[in-house]
Amino acid sequence: GIQVEQSPPDLILQEGANSTLRCNFSDSVNNLQWFHQNPWGQLINLFYIPSGTKQNGRLSATTVATERYSLLYISSSQTTDSGVYFCAVGPLGDYKLSFGAGTTVTVRA
Amino acid sequence: GAVVSQHPSWVICKSGTSVKIECRSLDFQATTMFWYRQFPKQSLMLMATSNEGSKATYEQGVEKDKFLINHASLTLSTLTVTSAHPEDSSFYICSASPGTGGIVSNQPQHFGDGTRLSIL
């Protein structure tokens with residue numbers, strides 16, 4: 001099956017800092033989603049981005065499908081940004097999502 | 001839009017009992033829903049694909065007799081953990097994509113808030 005690698009595994013930020021999270025995948029995809037899992041376990045859908053660039057407030061994402069990677073940018077980080085960020089991909093011809101191991105982000109005041 | 005409701009959010013029960021978890025798409029119809037399992041500090045692992053009006057498809061290593069799935073309508077799938085034991089304690093999450101008559105593969109999946117299951 002498709003392999004999904006996220007980096008870094010852990011990230012500690014000072015409030016106000018910017019950061020970039022990376023997701024590499026091993027095959028062509030027709031679905032790529034970024035999620036933020038909060039301390040209560042809720043998965044917040046950040047972006048549906050199988051290709052291109054999107055922005056939503058302080059967050060933005062870029063997927064370069066031909067090079068099989070996606071980036072999630074967090075700008076001016078806040079303590080509420082803390083949690084685990086997951087990248088999940090759906091390969092071509094398959095509706096199932098495979099999740100990466102996640103990046104644990106801790107934002108300190 | 002595209003809200004998925006999961007109930008209950010938290011269950012504690014004795015070993016040997018069966019537990020049913022419901023997953024509902026509130027404002028869209030979904031031929032197919034998905035069930036995931038997440039252990040502490042780990043990622044989500046797909047357990048099974050729930051198909052409306054037909055049998056579920058289970059991932060390798062998932063016991064179909066332990067985890068019974070029923071997808072009786074286009075808005076409701078249920079997961080029943082039968083004869084639950086402490087090792088079944090986990091966080092269970094469902095998802096769904098809008099679409100009927102088959103998967104629309106270029107649609108995002110929408111997730112419920114999860115069910116935390118603790119077996120004593």
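Me: Which strand of chain B does β3 (residues 19-25) pair with, and over how many bridges?

Reply: Two strands pair if DSSP finds at least two bridges between them; strands are DSSP runs of E with at least two residues, numbered from the N terminus. Here β3 of chain B joins β8 (residues 76-81) of chain B in the antiparallel sense, over 6 bridges. One place to look is Ile21(B), whose bridge partner in β8(B) is Leu79(B). Please keep in mind that this is a predicted model, where local features need pLDDT of at least 70, side-chain atom pairs count only at pLDDT 80 or more, and totals for chains, interfaces and linings use all residues. Residues are numbered from 1 along each chain as written, chains are lettered from A in the order written, and side-chain values use heavy atoms, without hydrogens and water.

Me: What is the strand order of the open sheet in chain B?

Reply: The order of its 4 strands is β1-β3-β8-β7, with antiparallel pairing. At the edges are β1 (4-7) and β7 (67-73) of chain B, each pairing on one side only. Neighbouring strands are turned by 15° against each other on average, direction ignored; the axes are lines fitted to C-alpha atoms.

Me: Along β1 of chain A, which side chains are buried?

Reply: In a regular strand the side chains alternate between the two faces of the sheet. In β1 (residues 4-7) of chain A, Val4(A) and Gln6(A) point to one face and are buried (under 20% relative accessible area, 1.4 Å probe, protein chains only). β1(A) pairs with β3 (residues 19-25) of chain A over 4 antiparallel bridges, with Val4(A) opposite Phe25(A).

Me: Which residues lie nearest the centre of the largest pocket?

Reply: Rolling a probe the size of a water molecule over the atoms shows where empty space is left. A pocket is an open set of points on a 1 Å grid over the protein atoms alone, where a 1.4 Å probe fits, with protein on both sides within 12 Å along at least five of seven lines; lining residues have an atom within 4 Å of a point. Of the 23 lining residues, Ser98(A), Leu44(B), Met45(B), Leu46(B) and Glu59(B) lie nearest the centre. The largest pocket holds about 660 Å³ of space, and β5(B) gives the largest share of its lining, 4 residues.

Me: How many residues line the second largest pocket?

Reply: The lining has 22 residues, with Gln37(A), Val84(A), Gln38(B), Pro40(B) and Lys41(B) nearest the centre. This pocket has about 560 Å³ of space, and β9(A) supplies the largest share of the lining, 3 residues.

Technical notes:
Points joined across faces, edges and corners; volume = space filled by probe spheres on them. Axes fitted to C-alpha atoms, helices over the stretch in contact; angles between N-to-C directions. Buried < 20%, exposed > 50% of the residue type's maximum accessible area, 1.4 Å probe, protein only.
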